[in-house]
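Here are my notes on this one, in numbered points. Have the model open while you read.

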2 protein chains.
Amino acid sequence: MVLAVTDLASRLHHPLPSLTPAPKTLGDIAGLRAAGVRAGIKASGNPDVALLVADAPIDVAAVFTQNKFAAAPVLVCREHLAKTGGRARAIVVNSGNANACTGDEGLQNARTMCADVAALVGCPVEEVLVASTGVIGVPLPMEKVRAGIRAAFEALAAGPEAGRAFLAAIQTTDAYPKEAATLGDGWSVAGVCKGAGMIAPNMATMLAFVATDAPVDPGALTPLLRRVATGSFNAVHVDSHPSTNDSLFLLATRRGPQAPAFDSALEATCKRLAWLIARDGEGATKVTTIRVTGAASDEAAQAIARRVAESALVRTALFGNDPNWGRFVSQVGNARDCGSVAGLVCKLQGITVFEKDAPTAFDRAAASRAMAAEDVLLELHLTEGAGSGVVLTSDLGYRYVEVNAEYTT
Amino acid sequence: MVLAVTDLASRLHHPLPSLTPAPKTLGDIAGLRAAGVRAGIKASGNPDVALLVADAPIDVAAVFTQNKFAAAPVLVCREHLAKTGGRARAIVVNSGNANACTGDEGLQNARTMCADVAALVGCPVEEVLVASTGVIGVPLPMEKVRAGIRAAFEALAAGPEAGRAFLAAIQTTDAYPKEAATLGDGWSVAGVCKGAGMIAPNMATMLAFVATDAPVDPGALTPLLRRVATGSFNAVHVDSHPSTNDSLFLLATRRGPQAPAFDSALEATCKRLAWLIARDGEGATKVTTIRVTGAASDEAAQAIARRVAESALVRTALFGNDPNWGRFVSQVGNARDCGSVAGLVCKLQGITVFEKDAPTAFDRAAASRAMAAEDVLLELHLTEGAGSGVVLTSDLGYRYVEVNAEYTT
């Protein structure tokens with residue numbers, strides 16, 4: 001049961017997923033320009049100010065953190081979107097500092113960022129949105145931020161190369177860049193995001209920016225984004241700890257032709273981005289999709305899936321490729337939203353490991369081998385109704401403890 | 001940030017708390033006899049059948065798991081207590097097999113255990129209660145169990161030595177025996193328990209047995225036990241994963257003199273037992289008491305404390321002695337039962353690290369040193385009302401991952 005030290009050390013390696021660059025990024029969407037620059041907010045000297053500007057006001061929908069400690073940029077975005085009714089010209093982002101738990105000064109700084117961009121672009125301040133990610137409780141170094149905003153605005157002219165830099169400038173502890181795109185017939189959906197669990201003091205936020213040139217109905221944008229977020233970004237579970245800054249923006253420039261397949265393209269793009277976040281949970285070796293069906297409602301199904309993902313026993317079993325059905329099914333019984341576990345069926349990678357109130361005579365070694373994959377599917381079928389839901393979770397290994405216990409001490 | 005392998009290895013040691021034996025145990029309570037024997041259920045050959053018998057029917061209160069996968073012994077206990085209205089002559093316990101997820105055969109086996117004891121003691125079968133802990137999904141080896149019950153009944157006559165064996169026979173993965181007692185003026189409260197997180201397939205249950213000879217009002221027993229459990233056993237958090245078999249029994253033989261301080265004696269005994277369970281969370285190096293005050297209600301306060309304890313980021317920070325206020329306060333903002341975080345104050349070992357919506361200028365090194373204790377106090381003061389609640393949590397370290405990822409593969 002006790003690992004040799006050499007075995008342990010080998011587990012510290014953080015394998016990365018194999019990635020192919022997305023065919024398009026934000027700056028490639030008709031009507032949008034993007035840029036990212038080094039402003040010196042990050043001690044590492046990596047890019048840390050990003051800017052996205054539309055040629056004219058466009059439709060924007062957004063989903064923000066539900067954390068009651070919402071950071072200053074989230075508060076300012078909510079205010080601006082309420083005023084414009086969902087229109088914007090620009091989004092400014094900084095990494096290296098979350099501008100969270102920074103009081104009135106933080107709110108003022110978020111407003112200044114918007115005002116600076118509004119002056120450069122030539123638009124009302126409420127048409128500028130803002131997002132921040134990085135350390136919390138520290139005031140933004142505003143001279144650097146404002147110089148960065150000016151530099152980013154100038155870099156917008158540089159074209160596609162500058163557009164790629166947007167992604168670099170929003171990252172913090174990410175192990176790899178996260179981007180996805182879906183190409184339609186003359187239109188596209190392109191998105192980038194950042195996030196890899198919430199490491200404090202670098203409280204790594206989930207920030208996502210998705211844009212399309214498809215002519216989407218403005219009134220449909222917000223309900224669509226909420227629905228898509230439920231099955232993608234809001235389905236990601238790394239450490240039971242949503243951050244103060246989580247923000248997802250959807251921008252529609254309405255330049256392309258009719259796009260009947262837009263909804264599913266948006267869904268596919270967001271799901272890929274969400275997968276990339278779950279895969280980058282510290283020390284994660286895989287992404288496990290926990291799919292609950294047969295619950296009383298869709299909401300109940302997702303709550304049950306989340307409860308299963310929250311168990312450290314479940315997540316260490318996933319790390320260890322352990323087909324430990326007892327942990328999975330018993331955690332369903334702990335979910336507040338589960339009324340009855342009678343008739344529960346549990347499948348691991350398609351292998352039925354529990355049904356008719358008892359474990360099956362499955363091949364443990366084969367199930368363990370099947371779990372040693374980059375994508376693992378854990379299915380839990382209830383008999384309470386037609387509700388279904390999904391959560392994507394990272395597994396819990398040694399490196400998670402290492403990164404999170406040793407970070408600041 | 002990356003630990004040397006030698007540092008990592010040194011963290012694998014599981015330090016134990018310093019324990020002194022309790023002055024009394026179950027078998028020392030007037031009117032009770034206890035025993036524990038080796039029946040061969042455990043492959044290790046350690047004691048695995050325990051029996052507690054009262055000289056006459058006595059008052060019993062009990063609190064069971066809320067998991068919908070309640071195990072067969074829990075179902076039988078609920079049935080028997082409903083029939084007797086809270087009276088019993090005996091409790092039979094086995095370790096090494098939880099008799100959970102075992103279907104109708106499991107229910108029948110739990111009934112047989114009660115019937116065997118009833119025949120030996122000479123009482124109605126509903127006056128016998130039963131508890132099991134160990135692997136799940138495997139039928140009980142009934143020949144061994146029944147022979148063990150006969151041997152345990154004979155051992156009752158052996159006196160105090162046999163009484164101590166009760167505790168040994170209920171343990172599974174426990175790193176040390178867990179017992180506590182409070183002595184009154186001519187009466188006592190004595191308790192034993194087992195539990196150290198939920199390791200499957202050894203789904204280590206929390207089982208606790210507390211007895212007193214104080215003349216307690218029978219009608220007051222159940223509400224009192226529920227109240228005490230809230231602040232003790234139900235406040236323990238190891239891995240967000242309550243088991244299928246959790247059971248707490250309180251037995252009152254009513255042999256002693258008046259006991260005005262009984263309530264607080266029961267509370268002290270249960271709190272000590274609960275502390276011992278939290279301290280034995282796999283890989284735990286300390287017990288952290290998360291105390292929430294100023295919440296809308298006591299229930300809300302405990303729910304918020306539980307939400308904080310559920311965060312792997314919080315628990316790794318505790319392991320790393322990291323005074324990472326951002327993790328603690330932001331998780332309060334994630335709690336469904338928290339209405340507002342305005343005015344939140346966070347204290348670590350008495351050091352105020354966050355107030356007035358911002359971190360204080362506290363000495364990080366001093367705070368980290370203060371966290372390197374066996375008992376850590378994390379206080380979170382809200383301004384919503386007068387509700388207060390407490391959760392005891394273990395920290396999350398390398399050995400937790402090791403034990404739980406490597407257990408069966």
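1. Start with A:Ala342, which sits in the loop that links helix 10 (325-334) to strand 12 (345-348) of chain A. Helices and strands here are DSSP runs (H or I, at least four residues, for helices; E, at least two, for strands), numbered from the N terminus. A:Ala342 is partly exposed at 44% relative accessible area; the classes are buried under 20%, exposed over 50% and partly exposed in between, with a 1.4 Å probe and protein chains only.

2. What does A:Ala342 touch, leaving out residues up to four places away in sequence? A:Asp357 and A:Thr383, where contact means heavy atoms within 4.5 Å. A:Asp357 is 15 residues away along the chain, yet its C-alpha atom is 6.9 Å from that of A:Ala342.

3. Before going further, the ground rules. This is a predicted model, with local features needing pLDDT of at least 70 and side-chain atom pairs counting only at pLDDT 80 or more, while totals for chains, interfaces and linings use all residues. Residues are numbered from 1 along each chain as its sequence is written, chains are lettered from A and ligands numbered from 1 in the order in which they are written, and side-chain values use heavy atoms, leaving out hydrogens and water.

4. Now the sheet in chain A: 7 strands, open, mixed pairing, in the order 9-16-11-15-12-13-14. Strands count as paired if DSSP finds at least two bridges between them. Strand 9 (236-237) and strand 14 (358-359) of chain A are at the edges with a single partner strand each, so one side of each has no neighbour in the sheet. Strand 9 of chain A runs parallel to strand 16 (residues 387-394) of chain A, joined by 2 bridges; A:His237 has A:Thr393 as its bridge partner.

5. Helix 7 (residues 262-279) of chain A lies across strands 9, 11 (287-295), 15 (375-381) and 16 of chain A, at about 45° to strand 16. Axes are lines fitted to C-alpha atoms, for helices over the stretch in contact, and angles run from 0 to 180 degrees between N-to-C directions.

6. In chain B, 7 of the 8 residues of strand 16 (residues 387-394) are buried. Strand 11 (residues 287-295) of chain B runs antiparallel to strand 16 of chain B, with 7 bridges; B:Arg291 is paired with B:Val390.

7. How many disulfides over all chains? The count is 0, taking a disulfide as a pair of cysteine sulfur atoms within 2.5 Å. For A:Cys77, the closest cysteine sulfur is in A:Cys114, 6.6 Å away and too far for a bond. A:Cys77 is buried, at 1% relative accessible area.
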